[in-house]
Amino acid sequence: MIKASTRQVGRLIVLRVEGHADYAPNGQDIVCSAASILTSAASNLLPRNRYRTRCGGAVLAFSRFSSTEQDYLRLIAVGFAQLAKTYPNHVQFHDNANTLR
C-alpha cells in the first residue's frame, strides 16, 4: 500500500510518500509508477527546503510558493487523490494541508 499525505508544519508544506502499491510484479506496477512520477514532479517543480528519499518513499518540504507553484502542488495532490480513488486497495491519500482547495 502506498500512503501519501500532505500536512502543514508552520510555513512548510510536507509531502510524504511511502510504501509499495503491490498492484503488479516489480517492473510492471503501473500504480507504483504513477506515484513515482507524481513524487518526482513535486521534487523537480517545487522549491524544496528539505527532502529525503529512499527506496519506497520520500519526504519533501516546501515553502515560499508563487501562484504557479501553488497550482503545481494542487495538481500533484489531485493526482494522488485520483490515484487513491481509482486504486483504493493500493493507494491512500490524506490532504491534511488542504492543498485541494
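Colleague: Is Ile37 buried or exposed?

Modeller: In this predicted model, Ile37 counts as exposed because its relative accessibility is 59%, and exposed means over 50%.

Colleague: Where is Ile37 found?

Modeller: Ile37 is part of helix α1.

Colleague: How are two packed helices described?

Modeller: The description uses the angle between the two axes and the distance between them.

Colleague: At what angle do the axes of α1 and α2 cross?

Modeller: The axes of α1 (residues 30–45) and α2 (residues 67–86) cross at roughly 170°, and they come within 10 Å of each other. That angle makes α1 roughly antiparallel to α2, because angles over 145 degrees count as roughly antiparallel.

Colleague: Which residues in α1 meet α2?

Modeller: From α1, the residues are Val31, Ala34, Ala35, Leu38, Thr39, Ala41, Ala42 and Leu45. Their partners in α2 are Glu69, Tyr72, Ile76, Gly79, Phe80 and Leu83. By class, the residues of this contact divide into 11 nonpolar, 2 polar and 1 charged.

Colleague: Changing topic, what volume does the largest pocket have?

Modeller: The largest pocket has a volume of about 230 Å³. Its lining is made up of 18 residues, and those nearest its centre are Val17, Ser36, Thr39, Gly56 and Gly57.

Colleague: Which elements give two or more residues to that lining?

Modeller: They are β2 (12–18), α1, β3 (48–54) and β4 (57–62). The largest share, 6 residues, comes from α1.

Colleague: How does the lining of the largest pocket divide by class?

Modeller: The lining has 7 nonpolar, 9 polar and 2 charged residues.

Colleague: And how much space lies in the second largest pocket?

Modeller: About 150 Å³ of space lies there. The second largest pocket is lined by Gln8, Arg11, Ile13, Phe65, Gln70, Leu73, Arg74, Ala97, Asn98 and Thr99. Helix α2 gives the most to this lining, with 3 residues. By class, the lining has 4 nonpolar, 4 polar and 2 charged residues.

Colleague: What about the phi of Asp22?

Modeller: Asp22 is not a glycine either, and its phi is positive, at about 55°. Asp22 is placed in the loop between β2 and α1. With a relative accessible area of 61%, Asp22 is exposed.

Colleague: Where does His20 lie?

Modeller: His20 lies in the loop between β2 and α1. His20 counts as partly exposed because its relative accessibility is 40%.

Colleague: Which residues are in contact with His20, leaving aside its neighbours within four places in sequence?

Modeller: They are Met1, Ile2, Cys55 and Gly56.

Colleague: By what distance are the C-alpha atoms of His20 and His90 separated?

Modeller: They are separated by 8.0 Å, with the two residues 70 residues apart along the chain.

Methods. Residues numbered from 1 in each chain as written. Predicted model: local features only at pLDDT ≥ 70, side-chain atom pairs only at ≥ 80, totals over all residues. Heavy atoms only, no water. Axes fitted to C-alpha atoms, helices over the stretch in contact; angles between N-to-C directions. Helix = DSSP H or I, 4+ residues; strand = E, 2+ residues; numbered from the N terminus. Parallel < 35°, antiparallel > 145°, perpendicular 65-115°, else oblique. Contact = heavy atoms within 4.5 Å. Nonpolar A, V, L, I, M, F, W, Y, C, P; charged D, E, K, R; others polar. 1 Å grid on protein atoms, 1.4 Å probe; cavity = no way out; pocket = protein on both sides within 12 Å on 5 of 7 lines; lining within 4 Å. Points joined across faces, edges and corners; volume = space filled by probe spheres on them. Buried < 20%, exposed > 50% of the residue type's maximum accessible area, 1.4 Å probe, protein only.
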